[in-house]
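Thanks for making the time this morning. I would like to walk you through one model, so please have the sequence and the structure open while I talk.

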Amino acid sequence: MSFADTPASSAPGILGSMSDHAFCDVLIIGGGIAGLSLASALAEHADVVLLEAEPTLAHHTSARSAQQLVPGYGPPPVRELTRATLAALAALPDARRLVWPSRFMVVGRAADVQAHRTEAMETITHAEACALVPALLPEAFESAALDTTSVRTDATALIEHHRALAAARGARILTGHRVDAAEKHDPGWLVSAGKTTIRAARVVNAAGAWADRVAALFGAEPLGLVPLRRTAAYVDVARPLPPETPMVSSADNTWYFRPEGQRVLVSPSEAVPSEPCDAQPVPREVDAVVAKVDSVTTLGITGVQRAWTGLRTEAPDGVPVVGFDPAVEDFFWLAGQGGFGFQTSSGIAALAVGLLEGVRPKGSAETLAALDPGRFRT
Ligand SMILES: Cc1cc2nc3c(=O)[nH]c(=O)nc-3n(C[C@H](O)[C@H](O)[C@H](O)COP(=O)(O)OP(=O)(O)OC[C@H]3O[C@@H](n4cnc5c(N)ncnc54)[C@H](O)[C@@H]3O)c2cc1C
């Protein structure tokens, strides 16, 4: 699929025409889970083009997650969007391939566990926690809480699900197209990615760690989004975990682990500010989490099979940013998903479709207000 180069002097007014590929209703910038889940939902209602800078989709953070969707995790708007995502995924014909039960347990000092506890998490006794995860040393924690509604996803399959659905609904998805310039051309925008220029009535900024930089191309004020580095690794162990073992996370946010076949997924749960980049693991942090998880379990870690790092990009208040920019017309934010990008994806996409199409968005008034990009401007 190739787009014709469109001179800036082209006649306006034929947005959405399928006869001219250089025009669309909505141009989405970014081919991670945020951009693709919106593309699949929106393409039912609008002519959608998605541009991804990298040669492949989901090259950055969306290829590097722990693939866990935890309804009890995150601030209230995130929890509402997670419930909506789980309901949407459960209704799909191939739901069992995309999500399956995987409990989530938080352990630590009683006060820290209490601080993590939400309506989706039940407090369990120390003995119950030890019985659920015999590999966890009893002296390593005081208190525990369990989310039995948590699920695992297959991120690659979910990304492909959204890509295929978006394409089947007529969305045009181009990789290797880094958006590098934009010009207001009422109604809408002229957006360039190298030699390709596309006119779009509305533009969605789903550029992950680059969202503030992309906004600058459109003359929008940055929101103060901060990419935060987080590492994970698959490790080999002397004593593998049974597959039904919950994911276990320390309430002081210093480690988590989960069974991954014969191996174990571990993470130091770090959140280190970074420039937008192709983030790579820091070897001493991988060594440190191996030592830490080894010290609180009987796993017996024997080596690191693979480690990776991604950027969890957060707004100053830790809540995603979804909605039209308050000052720049036809420019829509879909950013700041932090550590919740998969678990909120379908919920955010459904809400964003409503906002973009000017129909009543799905979601409570509180959540809509919490996500509003205007909340940072006084
Ligand atoms: C270790 C780790 C564990 C995690 N675990 C979980 C988990 O268990 N559950 C969960 O829900 N979330 C988890 N997350 C968070 C989740 O992965 C992210 O929230 C999500 O992937 C963000 O998706 P995104 O589409 O916003 O960003 P990205 O996947 O980074 O996509 C943004 C895309 O925009 C593109 N782009 C940037 N600039 C331009 C441009 N100018 N033109 C065109 N394209 C551009 C980039 O190339 C990139 O592909 C985890 C993250 C990490 C790092």
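This is a predicted model: local features need pLDDT of at least 70, side-chain atom pairs count only at pLDDT 80 or more; totals for chains, interfaces and linings use all residues.

Let me begin with the second largest pocket, which holds about 540 Å³ of space. Of the 27 residues lining this pocket, those closest to its centre are Ala-41, Ala-88, Ser-346, Ala-350 and Lys-362. Residues are numbered from 1 along each chain as its sequence is written, and side-chain values use heavy atoms, with hydrogens and water left out.

As for the terms, pockets and cavities are found on a 1 Å grid over the protein atoms alone: a cavity is a set of points where a 1.4 Å probe fits but cannot get out, a pocket is an open set with protein on both sides within 12 Å along at least five of seven lines, and lining residues have an atom within 4 Å of a point. Grid points are joined across faces, edges and corners, and a volume is the space filled by probe spheres set on the points.

Back at the second largest pocket, the elements giving two or more residues to its lining are α1, α2, α6 and α9, where helices (H or I, at least four residues) and strands (E, at least two) are DSSP runs numbered from the N terminus. The largest share of that lining, seven residues, comes from α9. By type, the lining divides into 13 nonpolar, nine polar and five charged residues; here Ala, Val, Leu, Ile, Met, Phe, Trp, Tyr, Cys and Pro count as nonpolar, Asp, Glu, Lys and Arg as charged, and the others, Gly among them, as polar.

The largest has a volume of about 60 Å³, and among the residues lining it are Ile-33, Ser-37, Leu-38, Leu-334, Thr-344 and Ile-348. Helix α1 gives the largest share of this lining, four residues, and the lining as a whole comprises six nonpolar, five polar and no charged residues.

The second largest cavity has a volume of about 40 Å³, and its lining includes His-60, Arg-64, Trp-210, Cys-277, Asp-278 and Thr-309. That lining divides into five nonpolar, four polar and two charged residues.

The domain assignment gives domain 1 as 23–62 + 155–224 + 317–376 and domain 2 as 104–147 + 226–314, with bounds that come from an automatic or database domain assignment. Their centres, taken over C-alpha atoms, are 31 Å apart, and the contact between them (heavy atoms within 4.5 Å) takes 13 residues from domain 1 and ten residues from domain 2.

Next comes the packing. Leaving aside neighbours within four places in sequence, Leu-42 is in contact with Val-26, Val-48, Val-353, Leu-356 and Glu-357.

Finally, some local details. Ser-249 sits in strand β14, residues 247–250, and counts as buried because its relative accessibility is 8%; buried means under 20% relative accessible area, exposed over 50%, and partly exposed in between, with a 1.4 Å probe and protein chains only. Not counting residues up to four places away in sequence, Ser-249 touches Phe-104, Met-105, Val-106, Val-107, Trp-255 and Tyr-256. Its C-alpha atom is separated by 8.9 Å from that of Ser-269, 20 residues apart along the chain. Ser-269 has a positive phi of about 55° although it is not a glycine, and lies in the loop between β16 (263–267) and β17 (272–273). Ala-58, likewise not a glycine, has a positive phi of about 50°, and it is buried, with a relative accessible area of 13%. Lastly, the peptide bond from Asp-186 to Pro-187 is cis, with omega near -5°, and Pro-187 lies in the loop between β10 (181–184) and β11 (189–193).
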